[in-house]
Amino acid sequence: MTPDDTGTAAPSKTRIEYLEELGGELVKRGLRVRLLLPRGQSPSLHVMNPDAAALTENILAEQGADGWWYWWSWGERIAEADDVTAAADRIAAVLAVR
């Protein structure tokens with residue numbers, strides 16, 4: 001829970017909600033997505049270019065001291081989770097969606 005403008009606690013998004021939101025944006029760009037929920041591990045979003053099946057990536061959503069971020073599987077930040085459009089644009093560019 002995080003405080004809102006009224007000083008009361010407002011629920012924050014969950015990791016899965018962030019990934020689902022990103023997945024919706026990526027589908028609009030022509031990518032295929034699948035939410036992965038491995039037992040004992042963090043959820044991730046498996047993203048694939050349907051025109052080049054070798055172009056895939058698992059995207060993570062993680063919360064740090066400076067907020068929620070989308071991350072590449074190799075540990076580099078993609079974009080703030082509140083900027084879904086920027087994250088989707090960057091992922092689509094890397095996975096060569098035209």
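These are my notebook entries on the fold of one predicted model.

Entry 1, overall make-up. I counted the secondary structure and got two helices and seven strands. Going along the sequence, I wrote the pattern down as β-β-α-β-β-β-β-β-α.

Entry 2, the sheet. I looked up how the strands are arranged and found an open sheet of five strands, in the order β3-β4-β5-β6-β7, with antiparallel pairing. Which strands stand at the edges? They are β3 (32-36) and β7 (77-80); each has a single partner strand, so one side of each has no neighbour in the sheet. As a reminder to myself, strands of a sheet pair through backbone hydrogen bonds.

I picked β5 (residues 52-64) and β6 (residues 67-71), which run antiparallel and are joined by five bridges. Within this pair I found Leu-60 opposite Trp-71 in β6.

Where does helix α1 lie? I traced α1 (residues 15-28) across β3, β4 (44-49), β5 and β6, and it runs at about 145° to β5. Helix α2 (residues 84-94) packs on the sheet too, where it touches β4, β5, β6 and β7. Its direction makes about 155° with that of β7.

Of the 98 residues, 31% are buried. I then looked at contacts between residues at least 6 apart in sequence, and 32% of these join residues at least 24 apart.

Key:
Residues numbered from 1 in each chain as written. Predicted model: local features only at pLDDT ≥ 70, side-chain atom pairs only at ≥ 80, totals over all residues. Heavy atoms only, no water. Pairing = 2+ DSSP bridges. Helix = DSSP H or I, 4+ residues; strand = E, 2+ residues; numbered from the N terminus. Contact = heavy atoms within 4.5 Å. Axes fitted to C-alpha atoms, helices over the stretch in contact; angles between N-to-C directions. Buried < 20%, exposed > 50% of the residue type's maximum accessible area, 1.4 Å probe, protein only.
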